[in-house]
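Subject: Structure for your review

Dear colleague,

Please find the structure below, together with its sequence. My notes on the charged side chains follow it.

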Amino acid sequence: MNQKTNVMRLLDGKKIAYKYHTYADTDAISGIEVATVLGQDPKHVFKTLVTQGKSKQNYVFVVPVEKDLNLKKAAQSVGEKSIVMIKSKDLLALTGYIHGGCSPIGMKKSLITVIDKSAEELDTVIVSGGKIGYQVELSLDDLKKVVNFKLEDITD
């Protein structure tokens, strides 16, 4: 491994087992492209979406790259009337991550996090390693040790 991200250092520090994947030397951008380049089933590769509710509170939703976040279901899952995606330019200040490298692990602030319930059927999930080009794969049980989340049906 040529480069450790903060996410990897955090997992190492808590002695949490994970697999490391990189696509840094490719031009993959979309989640589906990333899954393809990594040779992974898109059902296993998750994207991290940061939103803001009508109350101005922020939320994190983690969904398979092949699916879209259903804003209505997502809002219901966190008790909001409505939610919107935050602007890319606001992401770094809020999470410590940039667009394309946002991980649910190790955010600057602890935000309410909801993962699509399709993850329950998987042995492992692959999420951003906190930097564009880097992914980490781990079990939901291990993810629970570093991210407080709940599972809900939040996709179309």
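In these notes, a residue is buried under 20% relative accessible area, exposed over 50%, and partly exposed in between, using a 1.4 Å probe and protein chains only. By this rule, Lys 150 is partly exposed, with a relative accessible area of 34%.

Please note that this is a predicted model, in which local features need pLDDT of at least 70 and side-chain atom pairs count only at pLDDT 80 or more, while totals for chains, interfaces and linings use all residues. Residues are numbered from 1 along each chain as its sequence is written, and side-chain values use heavy atoms, with hydrogens and water left out.

Side chains of opposite charge can pair when their charged atoms come close. A salt bridge here is a side-chain nitrogen of Lys or Arg within 4 Å of a carboxyl oxygen of Asp or Glu. The structure holds 5 salt bridges; three of them are described below.

Lys 150 pairs with Glu 152, and their closest N and O atoms are 3.9 Å apart. Glu 152 is partly exposed as well, at 30% relative accessible area.

A second salt bridge joins Asp 142 to Lys 145, with 2.8 Å between the closest N and O atoms. Asp 142 is buried, its relative accessible area being 15%, whereas Lys 145 is exposed at 54%.

Finally, Asp 90 forms a salt bridge with Lys 89, where the closest N and O atoms lie 3.4 Å apart. Asp 90 is partly exposed at 35%, and Lys 89 counts as exposed at 66%.

Yours sincerely,
A colleague
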